[in-house]
Amino acid sequence: MSRIAARFAQLRAEGRGALMPFLEAYDPDPATSMALLRGLPGAGADLIEVGVPFTDPMADGPTVQRAGQRALKAGGTLAGALAMVRDFRREDDETPIVLMGYLNPILAYDTERFCRDAAASGVDGLIVVDLPPEEAEELADPARQQGLDLIRLIAPTTDETRLPKVLAGTSGFIYYVAIAGITGTRSATRDALAEAIPRVRRFTELPIAIGFGVRTPQQAAEAVQVADGAVVASALIDTLAASLDEKGRARPDTVRKVLDQVRDLAEAVRGARVPA
Amino acid sequence: MNQPLPNSLRQGPDGRGRFGQFGGRYVAETLMPVIQEVEQAYLAARQDPAFMAEWRRLLKDYVGRPSPLWFCERLTQHARAEAGAGSGKGAKIYFKREELNHTGAHKINAVLGQILLAKRMGKPRIIAETGAGQHGVATATACALFGLKCVVYMGATDVERQQPNVFRMKLLGAEVIPVTSGAGTLKDAMNEAMRDWVANVADTYYCIGTVAGPAPFPQMVRDFQCVIGEEARSQILAAEGRLPDALVCAVGGGSSAMGLFHPFLDDPDVAIWGVEAAGHGMETEQHAASLNKGRPGVLHGNRTYLLQDPHGQIIEAHSISAGLDYPGIGPEHAWLHEIGRVTYVGINDQEALDAFLLCSRLEGIIPALESAHGLAQVMKLAPEMPEESIILLNLSGRGDKDIFTVAKHLGETL
């Protein structure tokens, strides 16, 4: 069983949802980013999303854009993100890691070689924002061969005629984009999610995580009341960014501040009492 | 049934929006449904005689089409003098005068088609990206005409160097949003427009200015711009009784070039030249020559040639012309480059400036800096061609917007 499936099975047995924090690889520098990654499971992360920096992140708002720019300035690359996962796996063989990014760095790396190296580094799943199912073939085949889950995004605009097409070939879990918009901007209402998630559930047995606009412990708790996981990205990056000095460098308490916020989120998620 | 004719280069794209391996539809899931809606609406509209008649009416009575085909007698004499008297060389130079269109460039052709489509789709809010500002002005113009809300994203760097067009857009009632991310040029404006669209899919239509982006935009913008090549074809036949020997057009995203080239793709005796901006020189890092110096990749919804580093990060383009300052190119050009039907060359900033001045003084036409790149290539080719041959340039825009940039390079203050 893959790490992702095992983790969701375990959480289901415990009767709770997953907290999935996001960090941008190399933001603001490789050492800080690595320290954060190492600290996340202890702070309550059930799965981890590692963002791969890209110059043109079209689905991301200003917070993630700036994280990407800091990461690129610090030398961030797809290979660098894989190296971080490799280092992480020396100490943690259970917490699933999902790489999230855009297609072009993968194409430049070479799709097949990337899938081999990602699997060998201990990556469990891939989210490629600008790769809709209609274009996914070239990545889906090598990913499947390497046992990597290709996790698809479902948006509020994905209607019921389109849902089966998007879900076919998806594995690991479903990433439900809570708002029609970019990251770090608006949040969905609790009612909107309560209506949307059951609609998706009718078409899939896979766990569903909610992302885009999940910022506070309360929002994370609400997300796992209707779904199986909550992804928090921009709110954590905002904390990281606010902790940097005037030259954009990490301060001694940068990692602690972000991890403290993850702890608060984890506590809320664990106390949310998901109905079985 | 729908089998493409193997001997035609004019059948693309295929059902997946591809020209060979290029094109496609690489966008976030949130946008997929609206983009498919645009495709369905476009395919229906082009079959609708009333829609096409309305577009043709606007082209004639509002834009002023057909645009003239002008025989450039003095530039031709200049080319013959360059070739040397008695050499028998120096092609006849013709301009397809898109700069005479309302709003001063070819952009309005496809904008009017797209705005009619947006109306048909019931989208009251229009967004656009712009580099030099020509597409922004054209979009703002059409929105004023149809009473639609218009938001134009423009890189902060371009806002700075294209002030007259920024003011024009404001006069026309558009909101111009300067984009500061990246280098603040066309690429970044396009990112920001995409982000706007993701957040406003329900009421917004994204009026893309070039033959790039996710399918169906490369095809749709090309189809509307083909009016250039179709007119040029019948005009040159009327004037000379035959097709030209060579076509030339500058390429940034490549909409003016596709519009001229496409109706001639199946005429093997017509040589076709696309001119990329070589900036400070192809051998430097400061250029916009994505076909000559880039590699295939995916950006802004399509697979095409891109300026990128070994890690797949996009590199900022450079050109004296804001309209060519883009690190990618339309996917159909990428395909025409790979199959060798069109030859893509580079013209640097200085060569373009020289052609800008030459055109102003010899023909009394101040060309856009974009078009000046094309003219510089014409002035390289024409003296090498026999006197009886014909070379046709798409003079895609007028240069009023560029006079500040040119003055700066000439060391003059306006």
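Reader: Where is Thr103(B) found?

Author: This is a predicted model, in which local features need pLDDT of at least 70, side-chain atom pairs count only at pLDDT 80 or more, and totals for chains, interfaces and linings use all residues. Residues are numbered from 1 along each chain as its sequence is written, while chains are lettered from A and ligands numbered from 1 in the order in which they are written. Helices (H or I, at least four residues) and strands (E, at least two) are DSSP runs, numbered from the N terminus. On that numbering, Thr103(B) is found in the loop between S4 and helix H4 (107-121) of chain B.

Reader: Is Thr103(B) buried or exposed?

Author: A residue counts as buried if 20 or more other C-beta atoms, placed from the backbone, lie within 10 Å of its own, as exposed if 12 or fewer do, and as partly exposed in between. Thr103(B), which has a positive phi of about 80° although it is not a glycine, has 24 other C-beta atoms within 10 Å and is therefore buried.

Reader: What is the phi of Phe212(A)?

Author: Most residues other than glycine have a negative phi. Phe212(A) lies in the loop between strand S8 (208-211) and helix H10 (217-226) of chain A, and it is buried, since 28 other C-beta atoms are within 10 Å. Its phi is a positive value in a residue other than glycine, near 75°.

Reader: Which residue does a cis peptide bond join to Ala215(B)?

Author: Most peptide bonds are trans. One cis peptide bond joins Gly12(B) and Pro13(B), with omega about 0°, and Pro13(B) belongs to the segment before strand S1 (18-19) of chain B. In the loop between S8 and helix H9 (217-240) of chain B, a cis peptide bond with omega of about 10° joins Ala215(B) to Pro216(B).

Reader: In S4(A), which residue is the bridge partner of Leu99(A)?

Author: Strand S3 (residues 97-101) of chain A is largely enclosed by the rest of the structure, because 5 of its 5 residues are buried. Two strands pair if DSSP finds at least two bridges between them, and S3(A) pairs in the parallel sense with strand S2 (residues 48-51) of chain A over 4 bridges, with Glu49(A) opposite Val98(A). Another 4 bridges join S3(A) to strand S4 (residues 125-128) of chain A, again parallel, and here the partner of Leu99(A) is Leu126(A).

Reader: At roughly what angle do the axes of H4(A) and H6(A) cross?

Author: Axes are lines fitted to C-alpha atoms, for helices over the stretch in contact, and angles run from 0 to 180 degrees between N-to-C directions. Under 35 degrees counts as roughly parallel, over 145 as roughly antiparallel, 65 to 115 as roughly perpendicular and the rest as oblique, and H4(A) and H6(A) are therefore roughly parallel to each other. The axes of helix H4 (residues 78-89) and helix H6 (residues 111-121) of chain A come within 8 Å and cross at roughly 25°.

Reader: How far apart in space are Pro142(A) and Glu112(A)?

Author: Pro142(A) has its place in helix H7 (residues 137-145) of chain A and is partly exposed, with 18 other C-beta atoms within 10 Å. Leaving aside residues up to four places away in sequence, it touches Thr111(A), Glu112(A) and Cys115(A), where contact requires C-beta atoms, placed from the backbone, to lie within 7 Å. Pro142(A) and Glu112(A) are 30 residues apart in sequence, and their C-alpha to C-alpha separation is 5.6 Å.

Reader: Which element gives the most to the side of chain B that touches chain A?

Author: In all, 29 residues of chain B are in contact with 34 residues of chain A. Strand S2 (22-26), helix H1 (32-46), helix H8 (186-199) and strand S11 (295-299) of chain B are the elements that give two or more residues to that side of chain B. The most, 6 residues, come from H8(B).

Reader: In S6(B), which residue is the bridge partner of Glu129(B)?

Author: Strand S5 (residues 125-130) of chain B is mostly covered, as 5 of its 6 residues are buried. S5(B) pairs in the parallel sense with strand S6 (residues 149-155) of chain B over 6 bridges, and in that pairing the partner of Glu129(B) is Tyr153(B).

Notes: Two residues are in contact if their C-beta atoms, placed from the backbone, lie within 7 Å.
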